[in-house]
Amino acid sequence: MGIILEVKNLTKKFGGLTAVNDFSFEIKRGEFIGLIGPNGAGKTTIFNLISGFEKPSSGSIRFDGIDITGLRPYKIVNLGIARTFQLVRSFKFLSLLENVEVSCLSKRGKEVSKKIGTEEYASSILTAIGLVDKATIPPIVLPHGDLRKLQIGKAIGTNPELLLLDEPFSGLSFEEQLGITDLIKKLHEDGVTIFITGHVLRELMTLVPRVIAMHQGKFIADSSPQEVANNKIVLEAYLGKGEGFA
Amino acid sequence: MKDLLELKKIYHYYGKARALEEINLKIEENALDAVIGPNGAGKSTLLRVISGLEEPDRGKIDFYGERIDGMKAHKIAKKGISHCPERRRLFYDLNVEDNIKMGAYTLKNREKYKEMKDFVYEVFPRLKERRKQRAGTLSGGEQQMLALARSIMSNPKLLLLDEPSLGLAPKVKKKIFDAIEKIKQEGTTTLLVEQDASLAMEVAENIHLLEEGKIVMRGTAEELKNEPRIKEIYLGI
């Protein structure tokens with residue numbers, strides 16, 4: 001398996017605050033990997049840097065061997081990286097089908113759309129995310145769990161190789177979390193490389209075989225969930241410095 | 001000792017997302033209790049339903065035997081419950097002393113106001129030094145001191161503290177927690193919400209562990225200190 005993403009000495013400063021501090025890691029093609037850290041650790045900033053929503057202060061990001069450091073988001077999507085956001089975003093007044101069609105018309109999405117037709121492609125995605133019955137409805141009337149699924153659907157429409165999922169479980173009921181878990185597993189089986197953040201860890205830690213942990217912008221661990229959960233620095237980051245937990 | 005506060009079967013929802021589920025909680029007079037739990041467990045919501053910033057969807061809250069759930073927040077404040085919110089929420093354009101004065105708006109007695117002001121300046125000498133400085137220009141630690149000072153100016157019977165250590169350096173955290181202990185010794189019952197479990201266990205007598213809206217464990221700090229499930233709840237495995 002080749003390296004799909006290579007992040008080297010990545011740093012992002014917002015004024016006097018260093019949100020991401022000299023951060024390096026690699027992801028192999030086909031991996032299923034988590035990024036954890038307490039609130040404010042810098043997880044979303046890392047996603048913003050990879051997907052082009054923020055420009056790094058220094059360091060580099062390579063995707064599939066290509067330097068994508070500082071590229072605009074649309075260019076990064078066209079190379080094959082898609083992301084979802086912590087807070088759901090949709091085209092409120094388009095139907096669900098149209099919401100997904102928009103991404104099926106992206107450069108990489110079109111590769112599939114041209115073959116099978118945009119509507120077919122979008123509708124097959126709605127089937128995959130379990131929302132095909134609601135294809136004609138606008139997203140404003142959907143419950144939160146369905147909106148989360150739609151976010152993932154819109155990301156898949158761009159036909160990505162690497163999918164960044166930012167807190168896909170937040171604000172969901174237990175049943176809704178299960179639905180999202182199944183969906184993500186299926187995508188991974190279909191060959192998409194998945195990088196996923198979370199601060200609520202119950203779902204995440206049982207889902208992925210490898211976890212990177214960060215705290216205050218810095219890298220602290222990269223291992224199996226079991227090992228990361230027993231890492232002394234990780235425990236301190238979550239529970240505070242004290243005796244008894246580690 | 002009698003119960004100052006009692007929550008009975010409290011439920012709260014944000015839309016369809018359940019934030020609190022069947023919360024039963026008793027706080028004795030003069031206690032210092034802490035609610036700990038990972039991000040998103042419902043800790044802040046718990047404080048918000050007590051101080052009336054949220055009305056619980058179900059259940060009952062008694063304060064000195066009087067039912068307060070459903071009451072407006074300003075009425076609950078007058079009854080003697082003070083809420084020190086997460087991320088401080090100061091009046092950033094007012095100076096330190098005016099922020100402190102705002103905290104005393106329920107006090108009708110000038111003598112008491114002076115007494116309380118002397119007390120907070122004694123606990124936080126730094127604030128006295130900076131009393132004419134605009135709150136927005138204080139450091140993070142000083143802002144947290146000011147938030148704490150403001151919240152005790154009304155001389156509350158019950159103080160609700162939301163994440164007083166958030167974003168502070170270890171040294172500053174310690175100062176804040178020393179102050180919390182001092183306030184407690186002066187007879188203010190305190191309910192503290194804190195993500196930093198170790199820190200909470202150092203000061204609190206009783207610990208209530210919240211996970212996904214439910215209290216899943218409680219005991220004294222001593223009893224819970226080596227409890228492996230705490231780690232499991234925070235880290236998911």
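**Strands, a helix pair and a buried Phe**

Colleague: How many bridges join β3(A) to strand β8 of chain A?

Modeller: Five bridges join them, and the two strands run parallel; β8 covers residues 193-198 of chain A. Strands here are DSSP runs of E, at least two residues, helices are H or I runs of at least four, and both are numbered from the N terminus. Two strands pair if DSSP finds at least two bridges between them. This is a predicted model, with local features needing pLDDT of at least 70 and side-chain atom pairs pLDDT 80 or more, while totals for chains, interfaces and linings use all residues. Residues count from 1 along each chain as its sequence is written, chains are lettered from A and ligands numbered from 1, both in written order.

Colleague: Which residue stands opposite Ile33(A) in β8(A)?

Modeller: Phe195(A). Ile33(A) also stands opposite Arg210(A), in β9(A).

Colleague: How many bridges join β3 to β9 in chain A?

Modeller: Four, between residues 32-36 and residues 210-215, again parallel. Gly34(A) has Val211(A) as its bridge partner in β9(A).

Colleague: And β9(A) with β10, parallel or antiparallel?

Modeller: Antiparallel, with five bridges; β10 is residues 218-223 of chain A. Ala213(A) stands opposite Ala221(A) there.

Colleague: Over to chain B. What order do the six strands of the open sheet have?

Modeller: β6-β7-β8-β3-β9-β10, with mixed pairing. β6 (81-84) and β10 (214-220) of chain B are at the edges, each with a single partner, so one side of each has no neighbour in the sheet. From one strand to the next the twist averages 15°.

Colleague: In what sense do β3 and β8 of chain B pair?

Modeller: Parallel, over five bridges, with β3 at residues 32-36 and β8 at residues 189-194 of chain B. Ala34(B) is opposite Leu192(B) in β8(B).

Colleague: Where does helix α6 of chain B lie?

Modeller: Across β6 and β7 (158-162) of chain B. Helix α6 spans residues 140-152 of chain B and runs at about 170° to β6(B). Axes are lines fitted to C-alpha atoms, for helices over the stretch in contact; angles run from 0 to 180 degrees between N-to-C directions.

Colleague: How do the axes of α3 and α6(B) cross?

Modeller: At roughly 35°, coming within 6 Å; α3 is residues 96-103 of chain B. From α3(B), Val96(B), Asn99(B), Ile100(B), Met102(B) and Gly103(B) meet Leu146(B), Ala149(B), Arg150(B) and Ser151(B) in α6(B). Contact means C-beta atoms, placed from the backbone, within 7 Å.

Colleague: Different topic. Is Phe124(B) buried or exposed?

Modeller: Buried, because 22 other C-beta atoms lie within 10 Å. The cut-offs within that 10 Å are 20 or more for buried, 12 or fewer for exposed, and partly exposed in between, with C-beta atoms placed from the backbone.

Colleague: Where is the place of Phe124(B)?

Modeller: In the loop between α4 (110-123) and α5 (125-129) of chain B. Leaving aside residues up to four places away in sequence, Phe124(B) touches Met145(B), Ala149(B) and Ala179(B). Leu148(B) is 24 residues from Phe124(B) along the chain, and their C-alpha atoms are separated by 9.7 Å.

Colleague: Last one. How many residues of chain B are in contact with chain A?

Modeller: 21 of chain B, with 25 residues of chain A. The elements of chain B giving two or more residues to that side are β2 (17-28), α8 (197-203) and α10 (228-235).

Note on methods
Contact = placed C-beta atoms within 7 Å.
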